[in-house]
Amino acid sequence: MDLRDKPTGLDRLRRSEVGRSIWRAPDRATPRDRAAGHWSNFFLHIYPVKMQRREIGIRYSWYLGAMSTVLFGSLVASGIYLMFFYVPSPVQAYSNIQSIQTEVAFGQYIRNVHRWSAHLMVLIVAAHMARVFYRGAYKKPKEFNWVIGVVLLALTLLMSFTGYLLPWDQLAYWAVTVGTEMAAYVPFIGDTVREILLGGTTVGSATLLRFYVLHVAVLPTLIVLTLSIHLWRWRKDAMLEIDREEPDV
Ligand code: HEM
């Protein structure tokens with residue numbers, strides 16, 4: 001991956017006795033050596049072994065995909081903390097949120113981290129999708145990853161929607177009432193979808209439980225699985241693409 005020709009001070013350090021005790025592949029003379037340097041570096045090995053030079057630069061991807069992944073990680077971490085203090089029942093949910101805000105150690109801070117990460121994730125994922133579109137990065141051999149991306153977008157939006165009900169206040173109640181009413185307008189299956197989501201005909205305790213299970217277990221698991229395929233394909237596709245002659249931009 002190293003594209004410089006002239007050895008630098010760092011290169012000389014890497015080739016010294018001390019350097020070789022730290023870095024496993026100090027000599028980057030051949031493509032094989034360079035690949036070995038890549039595999040043995042914790043941070044670099046996230047990238048494909050071979051990829052186009054332009055794809056590494058910030059101006060190609062703006063690291064929006066990476067940012068989405070970090071935001072998802074932040075949501076999982078802060079969400080787990082909140083789970084210790086929240087019970088998904090109509091009697092307790094609202095007061096649990098109040099005590100998270102006022103009594104729980106770091107409660108207000110962690111709740112804000114969770115909310116802001118959620119808002120930002122929707123924004124950044126949309127920006128990532130727009131970047132992929134305007135770059136034409138959905139084209140061969142990356143078409144399948146675009147489809148996987150659409151699934152990730154849907155899962156991200158569903159995470160937002162299901163999380164919205166959990167504070168169990170007026171805003172949450174009416175937002176989900178309106179959202180599920182809209183779902184009922186889908187031809188043929190609309191009413192069934194609405195009933196499955198609500199667990200009845202109106203927003204109630206069954207709805208809160210369903211949204212909670214979707215929000216903390218089902219959707220995050222689906223995101224982890226889908227994201228694994230997304231990132232695996234990104235690595236493989238970038239290596240395939242190296243064979244296509246494309247000018248640097
Ligand atoms: C949870 C949401 C998502 C996460 C965490 C995510 C993460 C990533 C990451 C880390 C990369 C590699 C680096 C980069 O190109 O920025 C990537 C690439 C890609 N993503 Fe996503 N992504 C998400 C949603 C989407 C969506 C909604 C689409 C489009 C519908 C999409 C399509 C693609 C494509 C086609 C690539 C390959 C781009 C290239 O090689 O230039 N992704 N994604």
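## Helix 10 and its buried side

In this predicted model, helix 10 (residues 190-198) has G190, R194 and L198 as its buried residues. Helices here are DSSP runs of H or I with at least four residues, numbered from the N terminus. Buried means under 20% relative accessible area, exposed means over 50%, and partly exposed lies in between (1.4 Å probe, protein chains only). An α-helix has 3.6 residues a turn, so residues three or four places apart point the same way.

The buried residues of helix 10 pack against helix 9 and helix 11, where contact means heavy atoms within 4.5 Å. Just after helix 10, G199 adopts a positive phi of about 65°. In the loop between helix 9 and helix 10 stands F188, which also has a positive phi, near 65°, in a residue other than glycine. F188 counts as exposed because its relative accessibility is 86%.

## T180 in helix 9

T180 belongs to helix 9 (residues 170-183). This residue counts as buried because its relative accessible area is 1%. Leaving aside residues up to four places away in sequence, T180 touches F161, R194, L197 and L198.

## The iron site

The iron atom of the ligand is coordinated by the NE2 atoms of H128 and H230, at 2.0 to 2.1 Å. This pair links distant parts of the chain, 102 residues apart: H128 lies in helix 7 (residues 107-135), and H230 in helix 11 (residues 205-241). Both H128 and H230 are buried.

Donors are N, O and S atoms within 2.8 Å of the metal (3.2 Å for Na, K and Ca); water is not among the atoms, so sites may look incomplete. The iron site has six donor atoms, with angles of 85 to 179° among them, and is octahedral. Six donors count as octahedral if opposite donors are over 155 degrees apart and all others between 65 and 115. The ideal angles for six octahedral donors are 90 or 180 degrees.

## The shell around the ligand

The ligand is surrounded by 24 residues, of which the closest are Y60, H128, R131, K142 and H230; a residue is near the ligand if one of its heavy atoms lies within 4 Å of it. An N or O atom in the side chain of Y60 is 2.8 Å from an oxygen atom of the ligand, and a polar backbone atom of G65 is 3.1 Å from an oxygen atom of the ligand. Polar contacts are pairs of N or O atoms within 3.5 Å; within protein, one must be able to donate a hydrogen and the other to accept it, and residues adjacent in sequence count only if both atoms are side-chain atoms. The elements that give two or more residues to the shell are helix 4 (58-61), helix 5 (64-83), helix 7, helix 8 (143-165) and helix 11.

R135 is in helix 7 and counts as partly exposed because its relative accessible area is 35%. Its side chain reaches the backbone oxygen of R59 at 3.3 Å. The C-alpha atoms of R135 and Y60 are 8.1 Å apart, although 75 residues separate them along the chain.

The loop between helix 7 and helix 8 contains P141, and the peptide bond from K140 to P141 is cis, with omega near 0°. In the loop between helix 4 and helix 5, Y63 has a positive phi of about 55° although it is not a glycine.

## Basis of the values

Residues are numbered from 1 along each chain as its sequence is written, and side-chain values use heavy atoms, with hydrogens and water left out. Local features need pLDDT of at least 70 and side-chain atom pairs count only at pLDDT 80 or more, whereas totals for chains, interfaces and linings use all residues.

Note on methods:
Four donors count as tetrahedral if all angles lie between 85 and 135 degrees; four count as square planar and six as octahedral if opposite donors are over 155 degrees apart and all others between 65 and 115; anything else is irregular.
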